[in-house]
Amino acid sequence: MGLRDVQVVLLSAPAGYGKTTTLLEWARHDERPFGWVALDRDDNDPDRLRAAVARSSDGLVRREQAFVLVVDDVHVIHTRAALRVLAGIAEDPPGDCQLVLASQGRQRLRLGRLRVNRELAELTARDLAMTRDEAAALLAAARVQLGHRDVDTLVQRTEGWPAGLYLAALSLRQAPSTADAVARFGGDNRLVAEYLAETVLSDLSSEQVDFLRHTSVLDSLSGPACDALLDISGTGVMLKNLARATGMIVPLDSVDRAYRCHGLLSQMLRSELRRSEPGLEPDLHRRASRWYAAHDDVDAAIRHAVAAEDVRGAGDLLWANALRHAWQSEHDAMRRWLDRFTDEQTASCPPLALFAATTHLARGDRDFAEHWTGVAASGLAAAEADTTTASLQAGVAILHAAIARDGVARMRDDAAHAHDLDAEDSPWLALACQLEGTARHLLGDRDRARALLREGNRRGVIAAPGVSALCLAQLALLELDAGRRQEAAGLATRAQAQVERFCLGEHPTMSVVLAVSALTRALQGRVDQARRDVNAADRLRAALTDVAPWYRAELSLVLARALLALGDGSGALARLDGAAPILDDGTETPVLSAWLDDARAELDAYSAASRAVGGSLTLAESRVLRLLPTHLSFREMGLRLYVSTNTVKTQAQAVYRKLNASSRSQAVARATELGLLNGRLEL
């Protein structure tokens, strides 16, 4: 259905969106005559309004032909009587008339019946906003040539507002550096500020302008937020009236609860706020931060605390949410927040120093993480104890455990200390459990490790999903140590599902989760899936920088075990070569040392078998060979190796052929003679 097919067209957009140009283009291409009525505030008198419409339409009605009647500046009509007159004309236009109502703001007319009956078409600023190609054409016509990226920047900044784009062109023509001018262009530009003051703010009362200036610190405007910010009530009505008065205040929902300022207007107002009331902006940001924190919008609370340069307020919020941001890979945002404060400010606030430590740890900078953890510890030692001291001291302990500078045993003790100090509802307890549980596993205390890792998974499943995934992966390794492959596979699947559910697949520390998945799948004979997991783990492993030695060693060993199970001896050897120097360097991890010894023995046995038969015995065939001396049937071997009975038969026949044997007993005898059954080959 086109515009000509409806009874009424409503054209609503702020000044500078080209409403008049659009109407003139329409009139030029439409064979019907056009009548025009330009309203002013005096037309709130219903008799005057009725007469103005009659003067413009009577002559066209007498021609007894279809025509278009444009009623412009409808936003100036606000009295009930005048609105009823205008609504009546919309319901029953004079003659064979299509009515066009043009307005700068949201009109107050009741047009529900026309809308439901599809007799009303509505065009808004979104429909009139310029595309990139249109913006480029406008800029070129103003003798400004820009690349696609700069045009995109201006379209985004102006939200496609034609007047804003033209003002940008005028500003760029006067600038010595076009690139710098594009980067700086915004609502505080002198040309933009003058235009907005003239076309938007001049029609508002001083009370409305003050309201917009003071609330410009908010990204989203709602009655409750503005009430709290200004310590008044009833601002919801003010917002609704402003949205009607100017289209630069845009509703964000269909129930008039939330609005936003056009980006350029908001920038212009903030600039004016800093100029006219320089001390007020930080206080407004502090109030906004408190309100958002009380209403569980943590990210907004942090943004406003940082903008206010409220060191303690920002520090408390940032530290309370550091774990979530770190696991969501929001490292750039963490860095930007931290960069708003000087080193002196960060050092003066233990929670902020702990956040700095977490930020550096998430980026792999253990040296800086250790520095800021020490700064926080010193600050806490010098401060008077209060209700938050224990939680912050727990933070120091858990960061020491995560940094793990002094070995796995110290990591265990630091994590246990954090567990004892922290509040029961702290999200950091999940990490404390994961670190202590992993340390206890690697030190051989398997029962206590299992209990801690289960607790860490339970605590972290929502609050810290990455920690939950690491707990599940470590539990899978515990089950493999106990020979419970099926249980291990289930835990590894749950760990990987946690990674996928919370989109953690690009987080480098999730490499061990993928490595454990690769190992359990390789042991099940799911070769293709296991290989994909190995490749994904290796990709993330390459992104790891300065992580704890135990983690690098465990990751390398798990990948080596997976590759051995896949028959990739050379790949396994490369991973073992990466783990060995770490363990040989005195790392107190008996479990990792046992894994290394077992993997070396298996690799040696595989290499010996390969040499004895001319290098042709595969690792899968070597596994079958190791089971030939047992009482197991081929079916039972298949169950143990997670392959089919036919696969075992095929591999056994290959062994017979390569050993020049004609039976199972002869193959065992030949292998024993060659020394192929002296090593331990199973994982």
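Modeller: A pocket is an open set of points on a 1 Å grid over the protein atoms alone, where a 1.4 Å probe fits and protein lies on both sides within 12 Å along at least five of seven lines; lining residues have an atom within 4 Å of a point.

Colleague: How much space lies in the second largest pocket?

Modeller: The second largest pocket holds about 620 Å³, a volume being the space filled by probe spheres set on grid points joined across faces, edges and corners. The model is predicted, with local features needing pLDDT of at least 70 and side-chain atom pairs pLDDT 80 or more, while totals for chains, interfaces and linings use all residues. Numbering runs from 1 along each chain as its sequence is written, and side-chain values use heavy atoms, without hydrogens and water.

Colleague: Which residues lie nearest the centre of that second largest pocket?

Modeller: Of its 28 lining residues, those nearest the centre are Trp327, Leu361, Ala362, His507 and Thr509.

Colleague: And which helix supplies the largest share of this lining?

Modeller: Helix 25 does, with four residues. At least two residues each come from helix 18 (322-327), helix 21 (350-362), helix 23 (389-403), helix 25 (428-443) and helix 31 (549-565); helices (H or I, at least four residues) and strands (E, at least two) are DSSP runs numbered from the N terminus.

Colleague: How does the lining of the second largest pocket divide by class?

Modeller: There are 18 nonpolar, seven polar and three charged residues in that lining. Nonpolar covers Ala, Val, Leu, Ile, Met, Phe, Trp, Tyr, Cys and Pro, charged covers Asp, Glu, Lys and Arg, and the others, Gly among them, are polar.

Colleague: Turning to the largest pocket, how much space lies in it?

Modeller: The largest pocket has about 930 Å³ of space. It is lined by 35 residues, and Arg106, Thr124, Ala125, Val250 and Pro251 are the closest to its centre. Two or more lining residues come from each of strand 1 (8-12), helix 4 (112-116), strand 5 (120-123), helix 5 (125-128) and strand 7 (249-251). Strand 7 gives the largest share, three residues.

Colleague: How many charged residues are in that lining?

Modeller: Ten are charged, alongside 16 nonpolar and nine polar residues in the lining of the largest pocket.

Colleague: Which residues of the two helices meet?

Modeller: Ala390, Gln393, Ala394, Ala397, Ile398, His400 and Ala401 of helix 23 meet Met411, Asp414, Ala415, His417, Ala418 and Leu421 of helix 24, contact meaning heavy atoms within 4.5 Å. The contact of helix 23 with helix 24 has nine nonpolar, three polar and one charged residues.

Colleague: How do helix 16 and helix 17 cross?

Modeller: The axes of helix 16 (298-307) and helix 17 (311-320) come within 8 Å, crossing at roughly 150°. Helix 16 is therefore roughly antiparallel to helix 17. Ala301, Ile302, Ala305 and Val306 of helix 16 make the contact with Gly313, Ala314, Leu317 and Leu318 of helix 17. Seven of the residues in the contact of helix 16 with helix 17 are nonpolar, one is polar and none is charged.

Colleague: Finally, where do helix 12 and helix 15 stand in angle and distance?

Modeller: Helix 12 (223-230) and helix 15 (280-294) have axes that come within 9 Å and cross at roughly 135°. That makes helix 12 oblique to helix 15. Pro224, Ala225, Ala228, Leu229 and Leu230 of helix 12 contact Leu284, Arg287, Ala288 and Trp291 of helix 15. Eight nonpolar residues, no polar and one charged form the contact of helix 12 with helix 15.

Note on methods
Axes fitted to C-alpha atoms, helices over the stretch in contact; angles between N-to-C directions. Parallel < 35°, antiparallel > 145°, perpendicular 65-115°, else oblique.
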